[in-house]
Amino acid sequence: MIFYEGQLMVLWRFSDLILLLFTGVLIQNILFLLFAAGHRFLEKKLSMCDIRRLMKLVLWYALILLPAVAGIVMFKATYTKFGPVSKWIGKGGESEHPLIYMNLESFSSRTAYGNHWIFLVILCVWIVGILVKGMAPSLRTRRVLKKLKRTKVAQPDLALLGIVRRLEKELGIKKEVEMIESPLLSVPFVTGWFRSRLYFPSQIRDEVERELLLCHELTHCRCWDGFYRRLLFLLGDLYWFNPFMHLFANYFVEVSEMACDEEVLEKCSSQEKKLYAKLLVSFETGEDFLRSAAALTGHAESGLERRLKNMKKKETKRSRRSVMLVTAVVLSMCPLATVSAASGVSVLQDRIIKMTFPNFEEEMNGIQNTLTEEVDYEDLGETRELGIHLGARGASIDTTLNGTGAVVVETRALKKGDEILFTVWGDKTTDKFRVGWKDSSGKTISVTSTDGEIFHTFTIPKDDTYILFIQRTSSGTVHVTGRVSLK
């Protein structure tokens, strides 16, 4: 849809939204597969902290910029130009309206199936999948967190709280982290969108162990890992049918854990590093009820071996220039993949439509219902300009008829023998409306809808200026969509 002089022109249909959805999935998978194919190279050239930072930028791109850029590219591929470049004569006098130039074909611009019920069903299935896929884990996580709050230690450990507050200052965390101790826990973790909550096992009493574990979890807080994890799982709920999205989310959890390991061990002695590794191994025996919310902790058995290997890796110095270069190359792939994939999908859609519907207007003309053309000299009432131009490929219509006056599709000079094909329909079979033309002498030729639709071709009898219109003939509001073509 576009805005022109305060008027909203809706050009996209359900088919366009579905295609944009699957195009977005395609682009995401291209980016995620690039990460999967190049993760060894990235881990060699970048630290885990750098990879985590890079993945956060890719996440924001996939969430906001990707659908916006893909949508613009696909829209422009079909509707190439808008502009007040021509004038039409309406009841209120001469006025300017945008011409719509079309390039590639789409289901909504070429056929009558842009709002077909199949596309609506697909949208409904997608929305139901979001609710089911998103609600089940959320409810399970809420049950776990409520149980931990109910069983939390009544009197907080002041020594533990003191370590937390000291580490907050050392790490530069300005907002205090809420502490919850529970005897049910064997694994500490952090959760929360904007305010972090740290859940800590009350049975861990050793001060060195506490220091190491709290430093790890508070590093998550400083880097907003809890927020980004929830954002990733929200994106996974939106694209619940895309397995690569879940693989990307799991890899981010793994990378964020290893990044925090690197930051914690940076200032640790060899003895503390051994103790830290033992603590990680001990977390494999976490409580079953917490394993049902594994996304909270990040302590998955499959990632333990990777974390231990990463801890043993010899630290190498990486130049800032090489890090920035690799980051820039990866980020430049995002818009490149988006534009390429969106353009390719638009071209593919154009070819499929031209192969499937080579003579759509002619077919509609061949099966059009037997409508009788009626003649009258009545006034069209207070008209409203639709503001479109019937170019070489016609124009799409999406308007609401809510008054007695007619909606003017276009006022233009036509020659004898020109044909105007109306392929329009209402939302309901009971909708009543008419379409037709009015010449300069006031003569009107029109046909009235049957079963809420009109497939009809008007043949122009003489050279003249004609008003092409749509007008409601029943009470209530009638929403009309379709296409008008000039032959």
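Biologist: What makes Lys56 and Asp225 a salt bridge?

Modeller: In this predicted model, the closest N and O atoms of Lys56 and Asp225 are 3.3 Å apart. A salt bridge needs a side-chain nitrogen of Lys or Arg within 4 Å of a carboxyl oxygen of Asp or Glu. The pair therefore counts as a salt bridge.

Biologist: Which parts of the chain does the pair link?

Modeller: The pair links distant parts: Lys56 lies in helix H2 (residues 48–78) and Asp225 in helix H7 (residues 225–238), 169 residues apart.

Biologist: Why is Lys56 called buried?

Modeller: Lys56 has 11% relative accessibility. Buried means under 20%, so Lys56 counts as buried. Asp225 is at 0% relative accessibility and therefore counts as buried by that cut-off.

Biologist: Which residues are linked in a network of salt bridges?

Modeller: The network consists of Arg52, Lys56, Arg222, Asp225 and Glu263. The structure holds 13 salt bridges.

Biologist: How do you know that Arg165 and Glu168 meet in a salt bridge?

Modeller: Their N to O distance is 2.8 Å, and the cut-off is 4 Å, so the pair qualifies. Both residues lie in helix H5 (residues 158–171). They are three residues apart, about one turn of the helix.

Biologist: Arg165 and Glu168: buried or partly exposed?

Modeller: Arg165 has a relative accessible area of 23%.

Biologist: What makes Glu410 and Arg412 a salt bridge?

Modeller: The closest N and O atoms of Glu410 and Arg412 are 3.4 Å apart. That is within 4 Å, so the pair counts. Glu410 is buried, and Arg412 is buried too.

Biologist: How much of the protein chain counts as buried?

Modeller: Of its 487 residues, 49% count as buried. The accessible surface of the chain comes to about 24500 Å², and 59% of that belongs to carbon and sulfur atoms.

Biologist: Which residues make the nonpolar surface patch?

Modeller: Phe22, Trp117, Ile118, Val121, Ile122 and Val125 make a patch of about 550 Å². Helix H4 (residues 117–150) gives the most to the patch, with five residues.

Biologist: Why is Ile118 called partly exposed?

Modeller: Ile118, which has its place in helix H4, is at 41% relative accessibility. That value lies between 20% and 50%, so Ile118 counts as partly exposed. A patch residue needs over 30% relative accessible area, and the 41% of Ile118 therefore passes that cut-off.

Biologist: How many helices and strands are in the protein chain?

Modeller: The chain has 14 helices and 17 strands. Four strands form an open sheet with antiparallel pairing, in the order S10-S17-S12-S15.

Biologist: Why do S10 and S15 stand at the edges?

Modeller: Strand S10 (395–401) and strand S15 (453–459) each have a single partner strand, so one side of each is left without a neighbour in the sheet. Neighbouring strands of this sheet are turned by 20° against each other on average, direction ignored.

Biologist: How do you know that S12 and S15 pair?

Modeller: Strand S12 (residues 419–426) and S15 share seven bridges in the antiparallel sense. Pairing needs at least two bridges, so S12 and S15 count as paired. Ile420 stands opposite Phe458 in S15.

How values were computed. Residues numbered from 1 in each chain as written. Predicted model: local features only at pLDDT ≥ 70, side-chain atom pairs only at ≥ 80, totals over all residues. Heavy atoms only, no water. Patch = residues over 30% accessible without salt bridge, like charges linked within 9 Å, V, L, I, M, F, W, Y side chains within 5 Å. Areas by Shrake-Rupley, 256 points an atom, 1.4 Å probe, with all protein chains shown as cover. Buried < 20%, exposed > 50% of the residue type's maximum accessible area, 1.4 Å probe, protein only. Axes fitted to C-alpha atoms, helices over the stretch in contact; angles between N-to-C directions.
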